[in-house]
Amino acid sequence: MKNDKMKNQYRVNEQIRVREVRIVSDGESTVMPTRHALDMAREQGVDLVEISPNAQPPVCRLIDYSKFLYQQKKHAKEMKAKQAKVEIKEIRFGPQTDAHDYNFKLKHAQEFLSDGNKVRAYVFFRGRSILFKEQGEVLLLRFANDLEEYGKVEQLPKLDGKKMFLYLAPKKTGAVKKSQQKMDREKREADANAKKEEAVNTEMPANGGLLANAKVSEAALKALKGEE
């Protein structure tokens, strides 16, 4: 049924009853009487196919009609594949995500981007943890950096209510797999950073102290982490 419907979309050979047509071939075009175009088609053992009926004069090609329909069907299939809906996969973090959980979610994000999906990563802040939103921003930026071979940033970390969002899109050129050595090195670095952050959090007063009533500055955070 689909093939019959496609066949009826085009006029072929004697069905073309205009006085003259424009024949296109290999980037060139020639206007000639329709009768001459039909003679050329018969001599070459092909068909005269009208591909643009509304042009003045109508545009035609000299081609085997079955081959032409196959090309049109293939092109339509490719266009449909390109228009396929891209899914958005969500990945959720806490402001103090440990190294194991981070690497687990990083692996999933790599798979999502490799499959052509977008990734929306976000940090959810509960209660007073909103005071440490800078820590969530650093986590998301690190996440984006670790995924640079798989995707590109569509939106940098942005706070919306109690959530801070980061949007990533797959690279059009396709993801490049990291070597096992590089992944192992990054895992060791992530583990070391996690331990460092854990040590800093342990040193903070249990009741929040001064930090519970004041916004933590970037300089303060660096100082707590021993970066200065």
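Which residue forms a salt bridge with lysine 118? The partner is glutamate 154, and the closest N and O atoms of the two are 3.2 Å apart, where a salt bridge is a side-chain nitrogen of Lys or Arg within 4 Å of a carboxyl oxygen of Asp or Glu. Lysine 118 lies in strand 6 and glutamate 154 in strand 7, so this pair ties together parts that are 36 residues apart in sequence; helices (H or I, at least four residues) and strands (E, at least two) are DSSP runs, numbered from the N terminus.

This is a predicted model, in which local features need pLDDT of at least 70 and side-chain atom pairs count only at pLDDT 80 or more, while totals for chains, interfaces and linings use all residues. Residues are numbered from 1 along each chain as its sequence is written, and side-chain values use heavy atoms, with hydrogens and water left out.

Turning to the sheet, four strands form an open arrangement in the order 2-1-4-3 with mixed pairing, two strands being paired if DSSP finds at least two bridges between them. Strand 2 (28-33) and strand 3 (47-52) stand at the edges with a single partner strand each, so one side of each is left without a neighbour in the sheet. Strand 1 (residues 20-25) and strand 4 (residues 59-63) pair in the parallel sense over two bridges, and arginine 22 stands opposite valine 59 in strand 4. Helix 2 (residues 34-44) packs on this sheet and touches strand 1, strand 2, strand 3 and strand 4, contact meaning heavy atoms within 4.5 Å.

Within helix 2, arginine 42 and aspartate 39 are three residues apart, and therefore separated by about one helical turn. These two residues form a salt bridge whose closest N and O atoms are 2.6 Å apart, and a network of salt bridges links Glu14, Asp39 and Arg42. Arginine 42 is exposed, with a relative accessible area of 53%, whereas aspartate 39, at 29%, counts as partly exposed; buried means under 20% relative accessible area, exposed over 50%, and partly exposed in between (1.4 Å probe, protein chains only).

A further salt bridge joins arginine 120 to glutamate 90, with the closest N and O atoms 2.6 Å apart. This pair links distant parts of the chain, since arginine 120 belongs to strand 6 (residues 118-124) and glutamate 90 to strand 5 (residues 88-93), 30 residues apart. Arginine 120 is partly exposed at 22% relative accessible area, and glutamate 90 is partly exposed at 43%.

Methods: Axes are lines fitted to C-alpha atoms, for helices over the stretch in contact, and angles run from 0 to 180 degrees between N-to-C directions.
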